[in-house]
Amino acid sequence: MERQNVKVLPLVVLKTQFYKNISKDGGAMREAITKSNKNEIIIHSQTKKQGRLWGHTTPSKLLKLVEKNNGIYEVITKFPHKVYFDIDGDKTCDLSVVKTIILQYFPDAEMSVSGSQTNVKNSYHIVLNNYTIHNKEERDIVKHI
């Protein structure tokens, strides 16, 4: 469904262009995608101060932004991209078990892992640096895993 007259608020946060939804109709992520150039990636931020924001930046600037734990994440919007997993479980979800399972399907995977562990929940974001998805068909295969 095409949304007409969707309004978003452009903001510059951390010297980076972001967009914020100003109605329940959304549109900020689409605005970030539309306004980005081919060398930029789409990012998402959720903070108590700013709320939910969508933006665009270069890969090198993203690396600088995440160094300081600003709560910013890359949004996968185009091909090719690396294989990735977003694992959320209770406090018994064991990272070493998750990694063993991934290695069964992706031998010799070079993993970059971020996330958090609390007394209630464990959340892991795992990127396989040496496995790439090139198109929708490959992505659908990985989704089944």
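Phe-106 is buried, with a relative accessible area of 6% (buried is under 20%, exposed over 50%, partly exposed in between, using a 1.4 Å probe and protein chains only). This is a predicted model, where local features need pLDDT of at least 70, side-chain atom pairs count only at pLDDT 80 or more, and totals for chains, interfaces and linings use all residues. Residues are numbered from 1 along each chain as its sequence is written, and side-chain values use heavy atoms, leaving out hydrogens and water.

**Aromatic cluster**
- Phe-106 and Tyr-131 have ring centres 5.0 Å apart and planes at 80°, so they pair edge-to-face (centres within 6.5 Å make a pair of Phe, Tyr or Trp rings, with the six-membered ring used for Trp; planes under 30 degrees apart are stacked, over 60 edge-to-face, the rest tilted).
- This pair links the loop between α3 and β7 with strand β8 (residues 121-133), 25 residues apart (helices are DSSP runs of H or I with at least four residues, strands runs of E with at least two, numbered from the N terminus).
- Together, Phe-85, Phe-106 and Tyr-131 make one aromatic cluster.
- Phe-85 is buried at 15% relative accessible area, while Tyr-131 is partly exposed at 24%.

**Thr-16**
- Thr-16 sits in strand β2 (residues 16-21) and is buried, at 2%.
- Its side chain makes a polar contact of 3.2 Å with that of Lys-61 (N or O atoms within 3.5 Å; within protein, one able to donate a hydrogen and the other to accept it, with sequence-adjacent residues counting only if both are side-chain atoms).

**Gln-117**
- Gln-117, in strand β7 (residues 111-117), is exposed at 58%.
- A 2.8 Å polar contact joins the side chains of Gln-117 and Tyr-124.
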